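Please read this briefing alongside the sequence and the coordinates shown here.

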Amino acid sequence: MSSPALPELAHTPVGHIPVIHSTLVRSFAAHLTRPLSFRLTQLRKLYWAIKDHEKELLEACKRDLGKPYYETYLTEINWCLNDIIFVCKNLESWAREEKAKDIPLMHAVTRPKIRKEPLGAVLVIGAFNFPYQLSLGPLVGAIAAGCTAVLKPSENAPYAAAMMQRIIAERLDSSAYTVVQGAIPETTALLDCKWDKIFYTGSATVGTIISKKAAETLTPVTLELGGRNPAIVTRNADMRLAARRLLWTKHMNAGQICVSQNYILIDKEVLPTFLEQLKVAIKDFYPNGVRESEDYGRIVNEKQWQRIKKMLDSTSGKILIGGTMDAETKYLEPTVVEVTDPNDSLLTEESFGPLIPVVPVSDLDEAIRLANTIHATPLGIYPFGSKAEVSKILDSTRSGGASINDGFYHASISTLEFGGVGDSGSGSYRGKASFDAFTHRRVVTSTPGWVEGLLSIRYPPYKGKMEKVKKMSEMKPDFDREGRVVKPGWLVWAFLLGGNGFVQGLGRWAVILAVVFGYRGLRERQSKL
Ligand code: NAD
């Protein structure tokens, strides 16, 4: 493929940012983005913008991250295109007004419903490692929900950022969607504006800055942050599968993936077999060597390369496989290091690179204890073992998501909601969750005039009304003061047909009566024939 010409990144003048903000606020207030037809047209235009510029988008990631075209296509282009089609197909049903659930009978007359309203003018801040998916993915959610939006791509993937600006400016309505380019000064100017939502993907350190700034104006945030994700490999796991799968999740994008495992806790009995299988897998994936392969990316910039190198330099662990690096080409060989100290730099920091620390453990209990100590709320957890062992791991740990018998499979399904927990993030997106992330569920009731007589119970004077209200609306507990469930007497049970409460009992009676009368009616008709 001949290299297409690419635009260069140019930072947006800081002075322009308040003007951009007020344009988007005005467009939202003028209801430009509310009609579904407008949103669908913009999404369809974005689809074709990506499709028509596929070559340039692939090349931009190659220049920014040395990313193989195949990886960019699989994890970015194909992802975004399918995401848009999925959203377009479902938008009408997601945006439809919902009848509220779980409404007590006495309130049903007000017909509570939920309207799906756009949050307003929103800010999306993307990260460099999957520059399209992590920027355009949330933007698709914002467009679908009916918001106006500014996208601030990561300046650390400059060609990808410039390409996104080009296609958005060329194809989308610029009074509703625009790209602001830049680094800290430009992002700070953006954060000085009042948004209706901020969607941020990146490090926890910057996530804290964003959260503090948003808190000043009570702006809601979704935070998609990093994690020190463990993989746990027990003696009952399939070593060949575990090695191949965990190698792939650290080789892709040269390990610059928020959901890949940061370290592997492995039963010491099976460590030698696992290492053998890792060597076999490396040879399989890169028959002519990793460095020579076109299928292996590079570290995004000198700063990140130095950071990962420093982590490796300061480990007290023993390098078992790899270790080669080259500053000039920002190459870092996938490197397996045996680590025994839980305070080792390779475990206490997120590598966000191709480092594979393996921590030998005596049993599953030790693995779980270490996983909970090293980082209690990672973005993902990856158990490999028997069914019972996997259940035990899931029952005794926390994480944003989990993939059993694989590294981050759960995060590779574009329609499955994705997000962290605790300090690995809050809120989720993807598929319908992207629409929800930018939507306010506005609850509406409508009180008819004719219920005024019934409503008089709520108006002063209150004297004598307490007892009436208790009778009308107080629910009966099915538990005692010790928290034990109190079974209803057989008479009540028979009256409710075992249902939990009056409404359920009534429903069961209705079903039985419908069946009985239906059957009788059928018999009568048959006897007349
Ligand atoms: P990055 O350098 O691309 O920065 C992310 C964004 O933050 C950029 O748009 C950048 O301009 C902005 N930013 C940086 N400093 C800022 C500041 N002081 N004030 C305001 N904005 C600022 O990416 P990064 O932060 O190095 O990303 C790596 C981290 O992101 C890792 O921890 C990784 O795990 C995490 N990550 C998480 C996800 C996820 O979906 N949960 C995805 C990708 C990356």
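Predicted model: local features only at pLDDT ≥ 70, side-chain atom pairs only at ≥ 80, totals over all residues.

Residues are numbered from 1 along each chain as its sequence is written, and side-chain values use heavy atoms, with hydrogens and water left out.

**The sheet**

- Three strands form an open sheet in the order S1-S2-S18, with antiparallel pairing; strands here are DSSP runs of E with at least two residues, helices are runs of H or I with at least four, and both are numbered from the N terminus.
- Strand S1 (98-99) and strand S18 (439-444) stand at the edges, and because each has a single partner strand, one side of each is left without a neighbour in the sheet.
- Strand S2, residues 113-118, pairs with S18 in the antiparallel sense over six bridges, where pairing requires that DSSP finds at least two bridges between two strands.
- Within this pairing, Glu-117 has His-440 of S18 as its bridge partner.

- Arg-442 and Glu-117 meet through their side chains in a salt bridge at 3.1 Å, N to O, the term meaning a side-chain nitrogen of Lys or Arg within 4 Å of a carboxyl oxygen of Asp or Glu.
- Since Arg-442 lies in strand S18 and Glu-117 in strand S2, the pair ties together parts that are 325 residues apart in sequence.
- Glu-117 is buried, at 5% relative accessible area, whereas Arg-442 is partly exposed at 41% (buried is under 20%, exposed is over 50% and partly exposed is in between, with a 1.4 Å probe and protein chains only).
- Both residues also belong to a network of salt bridges that links Arg-34, Arg-115, Glu-117 and Arg-442.

**Salt bridges involving helices**

- A search of the whole structure finds 21 salt bridges, and one of them joins Asp-284 to Arg-244, with the closest N and O atoms 3.0 Å apart.
- Asp-284 lies in helix H10 (residues 271-285) and Arg-244 in helix H9 (residues 239-251), so this pair ties together parts that are 40 residues apart in sequence.
- Asp-284 is partly exposed at 46% relative accessibility, and Arg-244 is partly exposed at 26%.
- Glu-216 and Lys-213 also meet in a salt bridge, at 3.4 Å from N to O; being three residues apart in helix H8 (residues 204-216), they are separated by about one helical turn.
- Of that pair, Glu-216 is exposed with a relative accessible area of 60%, while Lys-213 is partly exposed at 25%.
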